[in-house]
Amino acid sequence: MNRNEITEQIVVARLTRGLTWQELADAIGQPVVWTTSALLGQHPIPPEQGKLLAEMLGLDQSVVPVLAAPPMRGGLPTAVPTDPTIYRFYEALQVYGGAIKELIHEQFGDGIMSAINFSVDLQKKPHPSGDRVVVTFDGKYLAYDWVSAQGG
């Protein structure tokens, strides 16, 4: 069984069993965004956590080694995402990406925010005009090291 087939089983099993992503995350002591992403195939899940999740979801334990293997990360089905929720992030980066890049360089120097040494959080924030979605990206700053890149 491949990772995509297991992901489909996870999605169906979670819905069938009435489990929330938060309940699955709490069971293994991990953040909900990380757990959801991992169960959707974007992170390897340590075997002990994989065993517990497979049991909760009623999946065969043969999925555990596949869940623990380093996945092929990223990759949307199209260059421009068509799912409205994902597209809004794409749209926000089109509008604010240049400004974010400029501000990172101004405040930190010539470098990037890591997506490897990284965490993400999602919160629901009540607001009089309608609930707000608060997404926090927390990535380590990585300076470009041009000396090392030139072999010096």
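What separates E91 and R88 in helix α6? The two residues are about one helical turn apart, because they lie three residues from each other in that helix. The model examined here is predicted.

E91 and R88 form a salt bridge, with 3.3 Å between the closest N and O atoms. Side chains of opposite charge can pair when their charged atoms come close. E91 is partly exposed, because its relative accessibility is 31%, between the 20% and 50% limits. R88 is also partly exposed, with a relative accessible area of 47%.

The count of salt bridges comes to three. Another joins the side chains of E48 and K51, at 3.3 Å from N to O. Both residues belong to helix α4. E48 has 56% relative accessibility and counts as exposed. K51, at 38%, counts as partly exposed. The side chains of K124 and D131 also meet in a salt bridge, at 3.5 Å from N to O. K124 is exposed, with a relative accessible area of 66%.

Helix α4 spans residues 47–57 and also holds Q49. Q49 has a relative accessibility of 15%; this is under 20%, so the residue counts as buried. Beyond its sequence neighbours up to four places away, Q49 touches I28, Q30 and W34. I28 is found in helix α2, residues 21–28. I28 is buried too, at 10% relative accessibility. Its contacts, leaving aside neighbours within four places in sequence, are W34, T35, Q49, L52 and L53. The C-alpha atoms of I28 and D131 are separated by 29 Å. These two residues are 103 residues apart along the chain.

The largest pocket holds about 2100 Å³ of space. It is lined by 47 residues, of which V33, F89, F118, V120 and F137 are the closest to its centre. Elements giving two or more residues to the lining are α3 (32–39), α6, β1 (111–125) and β2 (132–143). The largest share, 12 residues, comes from α6.

A nonpolar surface patch was also found. L93, V95, Y96 and I100 make this patch, which covers about 420 Å². L93 is placed in helix α6, residues 84–108. L93 counts as exposed, because its relative accessibility of 52% is over 50%.

Methods: Residues numbered from 1 in each chain as written. Predicted model: local features only at pLDDT ≥ 70, side-chain atom pairs only at ≥ 80, totals over all residues. Heavy atoms only, no water. Helix = DSSP H or I, 4+ residues; strand = E, 2+ residues; numbered from the N terminus. Buried < 20%, exposed > 50% of the residue type's maximum accessible area, 1.4 Å probe, protein only. Contact = heavy atoms within 4.5 Å. Patch = residues over 30% accessible without salt bridge, like charges linked within 9 Å, V, L, I, M, F, W, Y side chains within 5 Å. Areas by Shrake-Rupley, 256 points an atom, 1.4 Å probe, with all protein chains shown as cover. Salt bridge = Lys/Arg side-chain N within 4 Å of Asp/Glu carboxyl O. 1 Å grid on protein atoms, 1.4 Å probe; cavity = no way out; pocket = protein on both sides within 12 Å on 5 of 7 lines; lining within 4 Å. Points joined across faces, edges and corners; volume = space filled by probe spheres on them.
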